[in-house]
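Hi everyone, thanks for coming along. I'd like to walk you through one structure today, so please have a look at it while I talk.

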Amino acid sequence: ASGYEPSVRLVLQMDQVMIRRVLSHLSYYVEDGWSPCTPRRSVWLYTLLARLERPLHRDDAAVLYGLLKELTNIRANKLNLQTEREELARINMLIAIIGVYFEQGGGYDGVMTLSASSSAIAITTN
């Protein structure tokens with residue numbers, strides 16, 4: 001009972017309002033402590049981002065920016081890079097989509113800076 005996977009049939013039935021609403025709910029729960037690193041949640045996030053149309057409304061941009069900050073914090077706290085390789089790949093993919101494609105991290109250079117500053121914060125708090 002771990003939920004539904006995002007089938008093509010299901011996702012194509014969603015309009016932009018529903019996609020934004022589900023993405024907003026999922027982002028809220030990720031910021032509330034749910035791990036976005038599970039394969040199923042990563043697939044849902046990827047699928048919703050793939051269907052999300054540009055340009056973004058400012059509310060949707062705020063949701064994505066909050067999700068991007070959470071993802072970079074999670075990535076910065078991954079200490080064992082070898083054993084968590086699959087999780088890191090999923091996180092990096094989501095960071096690239098949100099930060100570069102949706103331009104919430106200031107483009108590629110901004111995403112790398114945001115990720116580096118999250119790493120510095122994680123190091124100083126540990």
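Predicted model: local features only at pLDDT ≥ 70, side-chain atom pairs only at ≥ 80, totals over all residues.

Residues are numbered from 1 along each chain as its sequence is written, and side-chain values use heavy atoms, with hydrogens and water left out.

First, the overview. The chain has six helices and zero strands; here helices (H or I, at least four residues) and strands (E, at least two) are DSSP runs, numbered from the N terminus. Of the 126 residues, 37% count as buried, where buried means under 20% relative accessible area, exposed means over 50%, and partly exposed is in between, using a 1.4 Å probe and protein chains only. If we take contacts in the chain with a separation of 6 or more, residues 24 or more positions apart account for 70% of them; contact means heavy atoms within 4.5 Å.

Now to helix α2, residues 16-31, and its partners. Two packed helices are described by the angle between their axes and the distance between the axes. Axes are lines fitted to C-alpha atoms, for helices over the stretch in contact, and angles run from 0 to 180 degrees between N-to-C directions.

Helix α2 packs with α3, residues 39-51, at an angle of about 145°, and the axes are 10 Å apart. On the α2 side, the contact is made by Gln-16, Ile-19, Val-22, Leu-23 and Leu-26, and α3 brings Arg-41, Trp-44, Leu-45, Leu-48, Leu-49 and Arg-51. By class, that gives eight nonpolar, one polar and two charged residues. The crossing of α2 past α3 is left-handed, a name used if the near helix is turned anticlockwise from the far one by less than a right angle, with right-handed if clockwise.

With α4, helix α2 packs at an angle of about 35°, again with axes 10 Å apart, and this crossing too is left-handed. Arg-20, Leu-23, Ser-24, Ser-27, Val-30 and Glu-31 of α2 meet Asp-60, Val-63, Leu-64, Gly-66, Leu-67 and Glu-70 of α4. Those residues divide into five nonpolar, three polar and four charged.

Is Leu-23 buried or exposed? Leu-23 counts as buried, because its relative accessibility is 4%. Apart from neighbours within four places in sequence, Leu-23 is in contact with Leu-45, Leu-48, Leu-49, Leu-52, Val-63 and Leu-64.

The structure holds one cavity of 30 Å³ or more, and the largest cavity has a volume of about 40 Å³. On a 1 Å grid over the protein atoms alone, a cavity is a set of points where a 1.4 Å probe fits but cannot get out, and lining residues have an atom within 4 Å of a point. Grid points are joined across faces, edges and corners, and a volume is the space filled by probe spheres set on the points. Which residues line the largest cavity? They are Arg-20, Leu-23, Ser-24, Leu-52, Asp-60, Val-63 and Leu-64. The lining has four nonpolar, one polar and two charged residues, and α2 and α4 (58-76) each supply at least two of its residues.

Finally, a few spots in the loops. Cys-37, in the loop between α2 and α3, is buried because its relative accessibility is 4%. Cys-37 is in contact with Ser-42, Ile-74, Lys-78, Glu-87, Arg-90 and Ile-91, leaving aside neighbours within four places in sequence. Pro-55 sits in the loop between α3 and α4, and a cis peptide bond joins Arg-54 to Pro-55, with omega about 0°. Glu-103 belongs to the loop between α5 (85-101) and α6 (107-125). Glu-103 has a positive phi of about 55° although it is not a glycine, and at 54% relative accessibility Glu-103 counts as exposed.

Methods
Nonpolar A, V, L, I, M, F, W, Y, C, P; charged D, E, K, R; others polar. 1 Å grid on protein atoms, 1.4 Å probe; cavity = no way out; pocket = protein on both sides within 12 Å on 5 of 7 lines; lining within 4 Å.
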